[in-house]
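Please look at the sequence and the structure before reading on.

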Amino acid sequence: MAFAPDVKLVEDHSQWLSGFDIRYLRNWEKLLNADPEAAMCEAEVRRLLQGNGNTVEPNEDLTGQNQACDFHCTRGDKAFFTEVTCLSIDKVTKITALPNEADGKARHYGSLNDPIFEASRKKTPQCADMGHPVIVAVGTFHFQASALCFGKHHLQML
């Protein structure tokens with residue numbers, strides 16, 4: 001089954017972005033058309049950050065000349081940045097050998113620790129010298145892997 005963006009989240013994120021420079025919304029809509037999983041991962045992370053009491057603002061460099069983290073976040077007098085990256089359903093299926101949808105079959109599966117580490121490592125230049133802490137959020141919409149490969153025992157080995 002092909003990935004389909006959550007219509008309510010698309011509306012929510014679009015409305016949130018419309019409160020800022022219109023170029024943020026246009027750029028996100030381009031991403032949504034080109035890579036819906038990546039765009040929805042950004043929207044989900046933004047919603048998670050806000051749901052945990054943070055004030056979140058887009059932080060993309062609108063000139064396109066510099067790399068910047070996706071979000072600038074504050075909570076009280078503390079600030080941090082968040083950069084979002086997404087492991088696609090297809091990539092995760094190849095890495096783990098898990099089908100996206102549960103099929104009731106027991107099987108061995110590969111770890112996502114190396115791809116999570118590599119995705120985070122690739123973001124290092126973009127996240128360096130920001131002046132505040134940076135969270136790199138790595139997500140996937142792969143149903144089974146999100147349940148199995150992000151368990152505490154897996155992440156402790158990361």
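The model is predicted, so to speak of local features a pLDDT of at least 70 is needed, side-chain atom pairs count only at pLDDT 80 or more, and totals for chains, interfaces and linings use all residues. Residues are numbered from 1 along each chain as its sequence is written, and side-chain values use heavy atoms, with hydrogens and water left out.

The chain holds 8 helices and 4 strands; helices (H or I, at least four residues) and strands (E, at least two) are DSSP runs numbered from the N terminus. Starting at the N terminus, the order of elements is α-α-α-β-β-β-α-α-α-β-α-α.

| Property of the chain | Value |
|---|---|
| Span of the C-alpha trace along its principal axes | about 50 × 30 × 30 Å |
| Accessible surface (Shrake-Rupley method, 1.4 Å probe) | about 9500 Å² |
| Buried residues (under 20% relative accessible area, 1.4 Å probe, protein chains only) | 38% of the 158 residues |

Carbon and sulfur atoms account for 52% of the accessible surface.

Helix 1 (residues 7-17) and helix 3 (residues 36-51) have axes that come within 10 Å and cross at roughly 70°; the axes are lines fitted to C-alpha atoms over the stretch in contact, and angles run from 0 to 180 degrees between N-to-C directions. Helix 1 is therefore roughly perpendicular to helix 3, a term for angles of 65 to 115 degrees. In this contact (heavy atoms within 4.5 Å), helix 1 contributes Leu9, Val10, Asp12, His13 and Trp16, while helix 3 contributes Met40, Glu42, Ala43, Glu44, Arg46, Arg47 and Gln50.

Technical notes. Angles under 35 degrees count as roughly parallel, over 145 as roughly antiparallel, 65 to 115 as roughly perpendicular and the rest as oblique. Buried means under 20% relative accessible area, exposed over 50%, partly exposed in between (1.4 Å probe, protein chains only).
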